[in-house]
Amino acid sequence: MDKSSTNSQASLFKPEYEHMLLDKGELRYYEAWLSQDEAQQLFINLRQSIEWEQSVINMYGRAVKIPRLNAWYGDDNCPYRYSGHQFFAKPWLTELLTIKQRIESVGSLTFNSVLANCYRSGQDSVAWHSDDEPELGKNPVVACLSLGAERQFQLRHRYQKQLPVQKLTLKTGSLLIMSGAIQHYWHHQVPKTAKKVGERLSLTYRQVKSI
C-alpha cells in the first residue's frame with residue numbers, strides 16, 4: 001500500500017488518518033476515531049442491545065451457519081442479500097444511528113444501513129469476499145467501525161495474483177473507509193487466529209440502492 005499520513009483538522013469528527021492507495025481503490029484508516037473510553041462503553045452497550053443472530057447461508061450447494069453473529073439495521077425498505085440469504089433491516093438503534101451520522105460528517109457520506117458482526121473468539125471469521133452486491137451500486141463506499149479486540153484485516157487483488165496480500169490491524173475505536181473501485185478489484189477478509197483474543201464488534205455502514 002502507498003501510505004501518506006494526513007493531518008486533518010483537530011476536531012471530534014476529523015482525527016488524523018492514514019490515506020492508503022490501492023490499485024483502483026483507496027482506504028482511509030482513522031486509528032483513533034473514538035477514544036478508548038467511548039469505544040469500550042459503546043462495545044458494552046451494543047453487545048447487549050443488538051439483536052444478534054447466526055445466519056445460515058448457501059455455500060457450495062449446502063446450508064451452513066456463518067462463523068460469527070450478525071444483525072442488519074437500517075431505513076425502511078432496505079433489504080440486503082448475501083450468499084442466498086435475505087436480510088431485512090431492523091429499525092435503527094439510537095447509538096447505531098448516532099454513529100452513522102458522525103461517520104457521514106467525516107466526508108459528506110450517506111448511509112442507510114449497517115451490518116453488525118460479532119466475532120466471539122479467534123475462531124470466528126469472515127472469508128475472502130467483496131462488498132459488490134448489485135444493491136450497493138457501482139463503486140460503493142463502505143465504512144467499518146471496530147470495537148473490542150484487535151483483529152487483522154487483509155486484502156488481496158482479485159485479478160493480479162502476484163500482488164502481495166495487504167494487512168492492517170484494526171484497533172478498537174478505529175474507522176476504516178473503503179472507496180473507489182476497491183470492491184470490484186479487491187477481496188478482503190478477517191481470518192481466524194489461534195491467538196487468544198476477546199470479542200470484536202464491527203459495524204459496516206453501507207448505502208443500499210433500489211435495483
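Buried here means under 20% relative accessible area, exposed over 50% and partly exposed in between, using a 1.4 Å probe and protein chains only. This is a predicted model, where local features need pLDDT of at least 70, side-chain atom pairs count only at pLDDT 80 or more, and totals for chains, interfaces and linings use all residues. Residues are numbered from 1 along each chain as its sequence is written, and side-chain values use heavy atoms, with hydrogens and water left out.

View 1. Looking for disulfides (pairs of cysteine sulfur atoms within 2.5 Å) across the whole structure turns up zero. For cysteine 78, the nearest cysteine sulfur belongs to cysteine 144, 17 Å away. Cysteine 78 is buried, at 5% relative accessible area. Cysteine 118 isn't in a disulfide either, with the sulfur of cysteine 144 nearest at 13 Å. Cysteine 118 is buried too, and its relative accessible area is 0%.

View 2. You'll find serine 179 in strand 14, residues 175–180 (strands are DSSP runs of E, at least two residues, numbered from the N terminus). Serine 179 counts as buried because its relative accessible area is 14%. Leaving aside residues up to four places away in sequence, serine 179 touches Gly25, Glu26, Pro140 and Val141, where contact means heavy atoms within 4.5 Å.

Terms used:
Helix = DSSP H or I, 4+ residues; strand = E, 2+ residues; numbered from the N terminus.
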